[in-house]
Amino acid sequence: MNKILVSACLLGNKVRYDANDVPTESNLLDRWNSEGRLIAFCPEVAGGLSVPRLPAEIQNDDGGAVLDGTAKVFDNQGNDVSENFINGAKKALETAQSNNAGIAILKEKSPSCGSSFIYDGTFSSVRKIGQGVTTALLERNGIKVFSDLEIESAAEYLERMNVK
């Protein structure tokens, strides 16, 4: 049975920067949780950031560039929090690998967890195409990432994985 790494905020844990959650109503998540398949994880907290914390955004590129050292993550006061994001991503990868999680379902738009969109680094609520730091690291290591808007697609992917 495949395990699934899931953004803790999607499961009702108040770990977001504003000390809130964004619980996701999903029969699939409920079923997987009852089967013991979900691994709740917040890379930002695991990387040493507090709850609450200042909002942060990737400037000049996306999570892959942060991993490569060509972009940085800054909070809205100008503090470089890139190392926290990189460390959290590494811990997410370790957690996924040690639990044999082949996929992750992560919160879209997050500088850690965004899989299709992140904010543009201006703190003006403008989105851009890109991945967060954790998503980039997981995908570089063969773990397929789906957003909280793609839970049905994640289920289809898991079914295909089990057939093989």
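Hi everyone. Helices here are DSSP runs of H or I with at least four residues, strands are E runs of at least two, and both are numbered from the N terminus.

Some ground rules. This is a predicted model, where local features need pLDDT of at least 70, side-chain atom pairs count only at pLDDT 80 or more, and totals for chains, interfaces and linings use all residues. Residues are numbered from 1 along each chain as its sequence is written, and side-chain values use heavy atoms, leaving out hydrogens and water.

Let's start with the sheet. It is open, with 4 strands in the order β2-β1-β5-β8 and parallel pairing; two strands pair if DSSP finds at least two bridges between them. β2 and β8 (144–147) are the edge strands, each pairing on one side only. From one strand to the next, the twist averages 25°. Axes, by the way, are lines fitted to C-alpha atoms, for helices over the stretch in contact, and angles run from 0 to 180 degrees between N-to-C directions. Helix α1 (residues 27–34) packs on this sheet and touches β1, β2 and β5, with contact meaning heavy atoms within 4.5 Å. The direction of α1 makes about 105° with that of β2.

Now look at β1 (residues 3–7), which pairs with β5 in the parallel sense over 4 bridges. V6 has I105 of β5 as its bridge partner. Leaving aside neighbours within four places in sequence, S7 is in contact with F41, I105, L106, K107 and C113.

On to the nonpolar cores: sets of buried Ala, Val, Leu, Ile, Met, Phe, Trp, Tyr and Cys residues joined through side-chain atoms within 4.5 Å. The largest has 27 residues, and L5, V73, V133 and L138 have the most contacts inside it. Which helix gives this core its largest share? That is α4, with 6 residues. Buried residues in α4 include F85, A89, A92, L93 and A96.

Thanks, everyone!

Notes
Buried < 20%, exposed > 50% of the residue type's maximum accessible area, 1.4 Å probe, protein only.
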